[in-house]
Amino acid sequence: MGRTWHTIEVDSEVLSGLEARRLTPDEPLNAVLRRLLRGAAGYGGGGLSGGSAKSLLRKQFVEEFLQQQFGGRLRRKDGFQLMFEDDLNLVYVQNYTGVGAVSLWYRIEQKAWAELCRSHKSVWLCLTNPMERYAFVIPFREVLQHGGEQLFHAKGALEVTLEPASGLWRELNWDVSRYRKQF
């Protein structure tokens, strides 16, 4: 039994977004839509489960993001799944996976915090939303200057609640919108 084809109208912003998410230049837009839908909650299209699709999407996004932001010279730091380094930079990535959220929540635990604090490299805290393809790329020294260290010691971890629309980091009452980058 063959597929039934339907036509939909999309605006130029949606079309550009779909084209930007092609894995290869000749990937059909239908395949892009199918891949994106598999990562969305409630899609029953078979193939990858929603969790597996989201995991794959996060992995692909982090790889693309690191390549674009840091030139692809980073390697994974031993003992960390989402910490990367080269001779000059130490980059810690935290992912929030969801669409349309008013608030994004992240948590930096003791082991990662200690590594970020003891590094003599340029240290970056990257708070991402792979599903919406953006990241807040924040110099870690600025997190410390805005009270992150006091907040960490008070709770034993650094909790981050970001409002993506305004760029407000609630716990620090800090506007980080200038660090937001779309990918």
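The following legends describe close-up views of a predicted model.

**View 1. Confidence along the chain.** Local features are taken at a pLDDT of at least 70 and side-chain atom pairs at pLDDT 80 or more, whereas totals for chains, interfaces and linings use all residues. Residues are numbered from 1 along each chain as its sequence is written, and side-chain values use heavy atoms, without hydrogens and water. The chain has an average pLDDT (the predictor's confidence in each residue, from 0 to 100) of 86, and 91% of the residues score at least 70. Over residues 40-49 the pLDDT is below 50, and this stretch has 11 contacts (heavy atoms within 4.5 Å) beyond near neighbours in sequence.

**View 2. The largest pocket.** Its volume, the space filled by probe spheres set on grid points joined across faces, edges and corners, is about 420 Å³. A pocket is an open set of points on a 1 Å grid over the protein atoms alone, where a 1.4 Å probe fits, with protein on both sides within 12 Å along at least five of seven lines; lining residues have an atom within 4 Å of a point. Of the 14 lining residues, Gly 17, Leu 18, Arg 21, Leu 36 and Met 131 lie nearest the centre of the pocket. Helix 1 (12-20) and helix 2 (29-38) each supply at least two lining residues, and helix 1 gives the most, with 5. Helices (H or I, at least four residues) and strands (E, at least two) are DSSP runs, numbered from the N terminus.

View 3. Strand 3 (residues 89-95) pairs in the parallel sense with strand 5 (residues 122-129) over 7 bridges, and Tyr 92 has Leu 125 in strand 5 as its bridge partner.

View 4. Strand 8 (residues 168-169) and strand 9 run antiparallel, joined by 2 bridges, and Leu 168 stands opposite Asp 175 in strand 9.

Methods
Two strands pair if DSSP finds at least two bridges between them.
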